[in-house]
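Here is a short briefing on a two-chain model. Keep the sequence and the 3D view open while you read.

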Amino acid sequence: MGTRILAVEDDERIREAVKLALEDEGWTVEGAASGEEAVELFARHVPDVVLIDIMLPGIDGFDLCRTLRRTSDVPIVMVTARNDTHDVVAGLEAGADDYLTKPFAPKELSARIRALLRRVRPAAPGHERLVFGELELIPEEGKVLRDGEEVHLTKTEFRLLCELAENRGKVFSREELLDKVWGYDYFGDGRLVDVHIRRLRTKVETDPAAPRHVVTVRGLGYRLEG
Amino acid sequence: MTDPSVTAPAYDADPAAGDGRMPTTAPVLETPDAVSAVAVADPSARLPPPDAALARLRAERGERWGGRGPLHWLRRWMTSTVGLRRRILLTFTLGALALAAILAITTYGLVRSNLLEQRDSTSVRTAARNAQEVQGALRSTPDTSADALSRLTSLGVEAPVIQYNGEWSAGVGRFTADDIPVALQRRVLEDGEWSRIVADVGDDTVLVVGIPIPQIGAYFEFFSLDEDEQTLNNVALSLFLASVITTALGVVLGVLAARRAVRPLAETAQAAKAIAGGHLETRLPPTDDPDLSILASSFNDMASALQLRIERDARFASDVSHELRSPLMTLSASVQVMEARRDELSERARSALDLLTGDVSRFQGLVEDLLEISRFDAGAIRLHLEDLRATAFVRNAVAVSSAPTVKVTATPRAEHAVIRGDRRRLARVIANLIDNAKAYGGGDPEITISDANLPDEGLTHVRIGVEDHGPGVPVEERALIFERFARGATAGRRTGSEGAGLGLALVDEHVRMHGGRVWVEDRSDGATGARFVIELNATEVSDDGGDGDLA
C-alpha cells in the first residue's frame with residue numbers, strides 16, 4: 001500500500017489540481033471539501049499525511065486539526081492565507097507539523113510532505129535506550145516513557161526529542177533543528193521550532209513553565225538535559 | 001512690471017536638473033518659515049514646467065495687477081515677502097506705537113491746558129489782589145508809587161510794574177515797563193480792560209497780567225512760567241518713556257501673539273508631515289477656538305478622506321491579490337502535472353507549455369510580491385529580529401538564492417560586523433537584488449560586504465553591494481527605480497520578460513523597515529554596470545565564530 005494523503009480544501013479546482021500534482025509523486029490522494037467530510041474519511045482510513053486549508057466552511061482548519069490530534073499523531077500540513085504570526089502560530093498550536101502559505105508551488109508541497117514522511121520513519125536505528133532523569137527514549141519503538149508511563153508524542157515532536165537526545169548536552173540552534181527535523185535551509189521559520197518545543201514541554205516536563213529537560217539556552221538555542 | 005515669481009509659485013522648468021525624483025504636481029506655496037513644511041513634504045520634489053495656458057494666465061494676471069495702486073502693492077509686498085509672524089508683530093508694534101502716541105499727545109495737551117488755565121486764573125486773582133493793594137497804597141500816599149511798590153515787595157510780589165499818572169515804576173524784579181508787550185499796554189491803558197498775555201522776555205516765558213486802576217493808571221505783574229515749563233517738560237518726558245514702554249510691550253505682545261497665532265499652523269504642518277510620512281491616522285486635536293476649529297476640522301476631514309482612500313486602494317490591491325491566489329494555485333499545480341508529462345506532448349504543445357510555465361511562475365512571484373507589499377501598506381509586517389553575522393548571513397542568503405555560485409567578498413573589518421535583522425526578509429532582499437541583476441544586469445552579479453566607517457571610527461554601518469554587468473542605471477532613474485512597477489526607460493530597453501517591477505520596491509521597503517537605506521550607483525571598479533548598495537546598522541564583535549547565528 002502506497003502513501004495516502006488526505007487533502008482538505010473547499011475550492012474544488014485547487015483540490016483537483018493539487019490531487020493531480022501529488023498523484024504524480026506516486027501518492028494516493030483523497031480529497032475532502034469540508035472538515036466534516038475529512039473527519040469521516042479519516043475515521044474510515046487513517047492517511048499518512050493530512051493537508052488542511054485553514055479557511056474551511058463549517059469547522060475550520062484549526063478545529064479540524066485539534067479534532068484529528070485528539071486521536072492521532074498523523075503529520076499535518078496547514079495551508080494558511082497569510083504568513084503573519086497569528087495564523088501560523090495558531091495552526092502550529094492546534095497541532096500542525098508544518099505550514100505553507102498560499103500561493104505555493106506544488107513542488108514545495110511535495111517537498112514538505114516528503115520531509116514529514118521521512119520524519120515518521122526515523123533513520124537512526126540501533127540506538128540504545130536514552131535516559132534523561134525520569135524520561136526514557138526508545139527510538140526503535142518510537143516510544144517515550146515518563147516515570148515508566150508512555151507519553152504520546154506526534155511524529156515531529158518525537159523526532160525533535162530524538163535529535164536533542166542524540167547529542168546529550170549539545171546546544172542546538174533553531175536553524176540546526178529546522179534543518180534536521182523539518183529539512184529546511186538556513187531560512188526556515190524559527191517559529192516552527194519554538195512552538196514544537198513548547199508543545200513538547202507540555203508533554204514531557206512536570207512543570208512546562210520551568211522546564212528541566214528541554215532547556216532554552218539564551219541566545220543560542222535548545223538543549224536536552226538529564 | 002510684474003515679477004512672475006511674486007504672482008505665482010515658482011516653477012523649476014527642468015525636472016531632470018533635480019535629483020531625478022518623480023515630478024510631483026503638488027504646488028509649492030510660498031509660505032512663512034514655520035509652514036513651509038506643509039507644502040513641501042519632500043524637499044527634493046520638483047514641479048513640472050508650466051504649460052502654455054498657465055503661462056498665458058500668469059501673463060494676464062500680471063497685466064491686471066500691473067494697474068493697481070501703491071496700497072495694493074504694499075499689501076502684496078507685505079503678504080508675499082513678510083511672513084505671517086512678522087506681519088502680526090508689525091501690526092502689534094505699529095498699533096502700540098500709534099496708541100501710545102495718541103495717548104501721550106492727548107495727555108500732554110490736556111495737562112498743558114489745565115496747567116496754564118490754573119496758572120492763568122491764580123495769576124489774575126493774585127494780580128487783582130495786588131492791584132487793590134496798590135490802589136489802597138496810592139490813595140493813602142498819592143504822591144509817589146514808591147510806597148505801593150515797597151508794600152508789594154513786603155508782600156512778596158516779585159515783579160510788579162505800576163503806571164501811575166503816566167509814570168512807570170517797577171519793583172525790584174528783573175522786569176521793567178519796557179518788557180510789557182505793546183499790545184497789552186494798549187489794551188489795558190487805552191481800552192481800560194483787564195488783560196493778560198504770554199510773552200517771551202529774554203530767556204523767560206512769562207505771563208503778564210495788566211489791570212487798569214481807574215483814575216490812577218494801571219497795575220501790571222509778571223508771572224514766570226518757567227516752573228510750568230519745567231513741569232510740562234517732565235510730563236512730556238514721562239509720557240515719552242511711557243510710550244516707549246507701551247511700544248515695547250506691544251512688541252512683546254506681538255511676539256507672543258504671533259507665536260500663538262502660528263502655533264496651530266506649526267501643529268498643522270507637523271500633522272501634515274506625519275501624514276506624508278505614512279502616519280495616516282494623525283489628526284489635529286479638537287479646539288474651542290471657532291477660527292481654528294474650522295481649520296482643524298477641515299484638515300481632519302481631509303486626512304480622513306485621504307486615509308480612507310489610501311486604505312481602500314491598499315485593501316483593493318490586497319483583495320485582488322488574495323482573489324488571485326486560488327486560480328494561481330490551480331494553474332501552477334496543473335502546469336506541474338503537464339510538465340511531468342512533457343514527453344507525451346508534441347513539439348508545439350511543449351513550446352506552449354514552456355511559455356505557460358514561465359508566466360505562471362512570474363505570475364506567482366508577482367502575486368506574492370503584491371501580497372507582501374500590501375502587508376507593508378497595511379503596516380502588518382512584524383520583524384523577527386535577531387543578531388546576524390553579516391558575512392555568514394549574506395553567504396547563506398546567496399546559497400539559497402537563484403544564483404548560489406555568486407562570489408561574495410568581504411573587507412576584513414566587515415567580517416566582524418553583526419547586523420540586527422529579520423533573516424528571512426533580508427534574505428529576500430539579497431535574492432531580489434540577485435534576481436534583478438540576472439534579469440537586467442547581464443547575469444550573475446558579485447557581492448561585496450564592506451564597513452562604512454573610517455578606520456579610526458567604531459563600526460556603525462555595513463554595506464552590502466551587489467554589482468552587476470549590465471548597462472548601469474542612468475542618474476535620473478536611480479531614485480525612480482525603487483518605485484513600484486517603475487521599470488524605467490533602461491529597463492524597458494532590456495530584453496526578457498523577467499522583473500515584475502516590485503522586486504526593488506520590496507527591497508526598499510524591507511531595508512527601510514530595518515532602519516537602513518538602499519541606493520544604486522556606478523560599479524566601484526569603473527566598469528559599466530550598476531552597484532546596488534544596502535546600508536545597515538551594524539556592531540562589531542571581536543570573536544571569530546562565523547556561523548551567522550548569534551541569536
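Is B:D319 buried or exposed? The model is predicted, so local features are described only where pLDDT is at least 70. B:D319 has 11 other C-beta atoms within 10 Å, and 12 or fewer counts as exposed, so B:D319 is exposed.

- B:D319 is part of helix 9 of chain B.
- B:S374 is 55 residues away from B:D319 along the chain, yet their C-alpha atoms are separated by 9.3 Å.

**Where chain A touches chain B**

- Chain A puts 23 residues into the contact, and chain B puts in 26.
- On the chain B side, helix 9 (290–340), helix 10 (347–377) and helix 12 (423–440) each supply at least two residues.
- Helix 9 of chain B gives the most to that side, with twelve residues.
- By class, the chain B side has eleven nonpolar, nine polar and six charged residues.

**Helix 8 against helix 9 in chain B**

- Helix 8 (residues 226–276) of chain B and helix 9 of chain B have axes that come within 11 Å and cross at roughly 5°.
- An angle under 35 degrees counts as roughly parallel, so helix 8 of chain B is roughly parallel to helix 9 of chain B.
- Helix 8 of chain B makes this contact through B:P264, B:T268, B:A271 and B:I275.
- Helix 9 of chain B answers with B:L292, B:L295, B:F299, B:A303 and B:L306.
- The contact of helix 8 with helix 9 of chain B holds eight nonpolar residues, one polar residue and no charged ones.

**Helix 14 of chain B**

- Helix 14 (residues 503–513) of chain B is largely enclosed by the rest of the structure, because nine of its eleven residues are buried.
- The buried residues of helix 14 of chain B are B:G503, B:L504, B:A505, B:L506, B:V507, B:D508, B:E509, B:H510 and B:V511.
- Their cover includes helix 10, helix 12, strand 11 (517–522) and strand 12 (530–540) of chain B.
- After helix 14 of chain B comes B:G515, with a positive phi near 75°.

**Chain A overall**

- Chain A contains eight helices and eleven strands.
- Of its 226 residues, 44% are buried.
- Among contacts in chain A with a separation of 6 or more, 54% join residues 24 or more positions apart.

**Helix 1 of chain A**

- Helix 1 (residues 12–23) of chain A has twelve residues.
- Helix 1 of chain A reaches 16 Å from its first C-alpha to its last, close to the 16 Å expected at 1.5 Å a residue.
- Its buried residues are A:I14, A:R15, A:A17, A:V18, A:K19, A:A21 and A:L22.

**Helix 6 against helix 7 in chain A**

- Helix 6 (residues 155–166) and helix 7 (residues 174–182) of chain A pack at an angle of about 125°, with their axes 10 Å apart.
- The two helices, helix 6 and helix 7 of chain A, are therefore oblique to each other.
- Helix 6 of chain A passes helix 7 of chain A in a right-handed crossing.
- A:T156, A:R159, A:L160 and A:E163 of helix 6 meet A:L177, A:K180 and A:V181 of helix 7 in chain A.
- The residues of this contact divide into three nonpolar, one polar and three charged.

Conventions:
Residues are numbered from 1 along each chain as its sequence is written. Chains are lettered from A and ligands numbered from 1 in the order in which they are written. This is a predicted model: local features need pLDDT of at least 70, side-chain atom pairs count only at pLDDT 80 or more; totals for chains, interfaces and linings use all residues. Axes are lines fitted to C-alpha atoms, for helices over the stretch in contact, and angles run from 0 to 180 degrees between N-to-C directions. Helices (H or I, at least four residues) and strands (E, at least two) are DSSP runs, numbered from the N terminus. Angles under 35 degrees count as roughly parallel, over 145 as roughly antiparallel, 65 to 115 as roughly perpendicular and the rest as oblique. A crossing is left-handed if the near helix is turned anticlockwise from the far one by less than a right angle, and right-handed if clockwise. Two residues are in contact if their C-beta atoms, placed from the backbone, lie within 7 Å. Ala, Val, Leu, Ile, Met, Phe, Trp, Tyr, Cys and Pro count as nonpolar, Asp, Glu, Lys and Arg as charged, and the others, Gly among them, as polar. A residue is buried if 20 or more other C-beta atoms lie within 10 Å of its own, exposed if 12 or fewer, and partly exposed in between; C-beta atoms are placed from the backbone. The expected span of a helix is 1.5 Å times one less than its number of residues.
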